[in-house]
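Have the structure open beside you as you read.

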Amino acid sequence: METHSQLVPPQASVCFEDVAMAFTQEEWEQLDLAQRTLYREVTLETWEHLVSLGLLLSKPDVVSQLEQEEDLYRAEQVALQ
């Protein structure tokens, strides 16, 4: 049986806001540390995937904030050791 690959028609462009979760300040404050850490990891990974596909040109503010928080967290962990 011979299989033929079919071309997928182009889809509409994807932007970061289409796939990212946004929290209000009140919602964010209700998250525990594990939930905030998971959010940070998933959001940064999503950003990296979209960049690797060439779908994003500018960095959303939330990604910049999460990167700064991650750097601060790492610095605190090193200081504690």
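In this predicted model, the largest pocket has a volume of about 290 Å³. Its lining is made of 15 residues, and those nearest its centre are Ala22, Phe23, Tyr39, Val62 and Gln65. The elements α1 (16-19), α2 (25-30) and α4 each give two or more residues to this lining, with the largest share, 4 residues, coming from α4. By type, the lining residues are 10 nonpolar, 3 polar and 2 charged.

Two of the residues nearest the pocket centre, Phe23 and Tyr39, also form an aromatic pair. The count of such pairs comes to 3, and two of them are shown here.

| Pair | Centre to centre | Angle between planes | Geometry |
|---|---|---|---|
| Phe23 and Tyr39 | 5.1 Å | 70° | edge-to-face |
| Trp28 and Tyr39 | 5.4 Å | 70° | edge-to-face |

Phe23 sits in the loop between α1 and α2, 16 residues from Tyr39 in helix α3. Trp28, in helix α2, is 11 residues from Tyr39. Ring pairs join Phe23, Trp28 and Tyr39 into a cluster.

Phe23, at 31%, counts as partly exposed.

Tyr39 and Trp28 also belong to the largest nonpolar core, which has 9 residues in all. Here α3 (33-52) and α4 (61-80) each give two or more residues, and α3 has the largest share with 4.

Notes. Residues are numbered from 1 along each chain as its sequence is written. This is a predicted model: local features need pLDDT of at least 70, side-chain atom pairs count only at pLDDT 80 or more; totals for chains, interfaces and linings use all residues. Side-chain values use heavy atoms; hydrogens and water are left out. A nonpolar core is a set of buried Ala, Val, Leu, Ile, Met, Phe, Trp, Tyr and Cys residues joined through side-chain atoms within 4.5 Å. Buried means under 20% relative accessible area, exposed over 50%, partly exposed in between (1.4 Å probe, protein chains only). On a 1 Å grid over the protein atoms alone, a cavity is a set of points where a 1.4 Å probe fits but cannot get out, and a pocket is an open set with protein on both sides within 12 Å along at least five of seven lines; lining residues have an atom within 4 Å of a point. Grid points are joined across faces, edges and corners, and a volume is the space filled by probe spheres set on the points. Ala, Val, Leu, Ile, Met, Phe, Trp, Tyr, Cys and Pro count as nonpolar, Asp, Glu, Lys and Arg as charged, and the others, Gly among them, as polar. Rings of Phe, Tyr and Trp (its six-membered ring) pair if their centres lie within 6.5 Å; planes under 30 degrees apart count as stacked, over 60 as edge-to-face and the rest as tilted.
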